[in-house]
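Hi there,

Here is the structure I promised to pass along. Have a look at it first, and my notes on its salt bridges follow below.

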Amino acid sequence: MVKERARILVVGGGYVGMYTALRLQGRLKRELRRGDVEITVVTPDPYMTYQPFLPEAAAGSISPRHVVVPLRRVLDLCHVVVGEVRSIDHAKHTASLTTLATAEEGTGPTQLTYDELVLAPGSVSRTLPVPGLAEHAIGFKSVEEAIGLRNHVIEQLDIASSTRDPAIRDAALTFVFVGGGFAGVEALGELEDMARYTTRYYHNVEPGDMKWILVEATDRVLPEVGPEMGRYTVSELRRRNIDVRLGTRLESCADRVAVLSDGSRFRTRTVVWTAGVRPHPLLAATDLPRTERGRLKCTPQLTIEGAPHAWAAGDAAAVPDITAGDTAQPGGPGKETAPNAQHALRQARLLGDNIAHSLRGEPLETYAHRYVGSVASLGFHKGVAHVYGRRFKGYTAWFMHRVYHLSRVPTFNRKARVLAEWTLAGLFKREIVSLGSLEHPRAEFELAAGGKPPTDPTSDPKGSS
């Protein structure tokens, strides 16, 4: 039994936020129905995005609707608030938040009081002061960015097919990806595969006309799958005529010219930035302890150090890796768990259990997860994997990638829909339609009504019309 009425505030609706609230729903179902416990989830979006499926959504293998999980349907016993927490005063147990109605009301941010705090705002793209980056690049962390990038790539083929200017054609068919981690390599592999297939429907664009360039500042890609599989990945990408530049940085992308640290210059209309992430800015607007890298200092029980009734996990949390001394584990003493989905999912379940234990006066559990491995897709029927010390590549790794993520995507509804789409994709041809108008749905009507479209194609930094 819960000793007294508890108000639980979950900040963030991503992996950790959704799975923690879902776990609490199950553990505290009777208390929630009696009104002894209240769970509020504050999230900028009313859905959780399963990010490992973003590359396939960008390639058109999965519908974007099936990459997201509606929070209100899953968290039916929780109060879901679409908004953003701006600051937290844990000493007073209050959070300042804005909602979609805040601007209309004109009353400013509202104050929300809580008894237990779960901080899981996730991370944001880590950018560098590269000239032109903010104006011309696009990230790859949200479903909107994934679909926007798909539309943009297909649009570049349309531009190349219709122009007579060699410079414009060359820029349209040059695609620069910055960052050799999972996001960059998988996005590049899937989109190159999709674009190469799409060229068969263009009479004057051949796969060899396109330039795909991967820029990575270190000397390896996909460090999570190990050096051997990293080298295989580079070989596989280069075999597909993808220009992989290791030990190279993007110096500038101003005026739609990508300038690399090795002196190379490419005219391009596409720069995709996937060079890492950083903690969410909200963490700096709290009175909670943080590490030098800006993540919250946590204990192995997922509590925040020196802050009773405050919890964190996932990208926002620096959780000690108590298995780091194991010879089967990467790292060593003093290391923290990696900010990846594998840890986030497991931490969220334990976090939900520990909050329930705390409310009932029971001892807390300690987070310890042995390294399982990693899988990555490099396009259709191509992939790499390093699982339980064994290495796989090609079709086997690609199949393992699909099976693993199908088992991890939340809800049976989403599993069935994704599986159905994969099955249909094996029976029918790829979809190659670009719905660029989704980005500006009122443009045509405004033009018909005598106004101006909201975006001038000649000044659109992403090249989308």
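Please keep in mind that this is a predicted model. I went through the charged side chains, and the search of the whole structure turned up 19 salt bridges. Here are some of them.

Let me start with R7. Its salt-bridge partner is D115, and their closest N and O atoms are 3.1 Å apart. This pair joins distant parts of the chain: R7 sits in strand β1 (residues 6-11), while D115 lies in the loop between β7 (110-113) and β8 (116-119), 108 residues apart. R7 is partly exposed, with a relative accessible area of 28%, and D115 also counts as partly exposed, at 24%.

Next comes R360, which forms a salt bridge with E31; here the closest N and O atoms are 3.1 Å apart.

The D193 and R196 pair is a local one. Its closest N and O atoms are 2.9 Å apart. Both residues belong to helix α9 (residues 182-198), and because they are three residues apart there, about one helical turn separates them. D193 is buried, since its relative accessibility of 7% is under the 20% cut-off, whereas R196 is partly exposed at 30%. These two residues also take part in a network of salt bridges that links E192, D193, R196, R240 and K382.

Happy browsing, and do write back with any questions!

Best wishes

Note on methods:
Residues are numbered from 1 along each chain as its sequence is written. This is a predicted model: local features need pLDDT of at least 70, side-chain atom pairs count only at pLDDT 80 or more; totals for chains, interfaces and linings use all residues. Side-chain values use heavy atoms; hydrogens and water are left out. A salt bridge is a side-chain nitrogen of Lys or Arg within 4 Å of a carboxyl oxygen of Asp or Glu. Helices (H or I, at least four residues) and strands (E, at least two) are DSSP runs, numbered from the N terminus. Buried means under 20% relative accessible area, exposed over 50%, partly exposed in between (1.4 Å probe, protein chains only).
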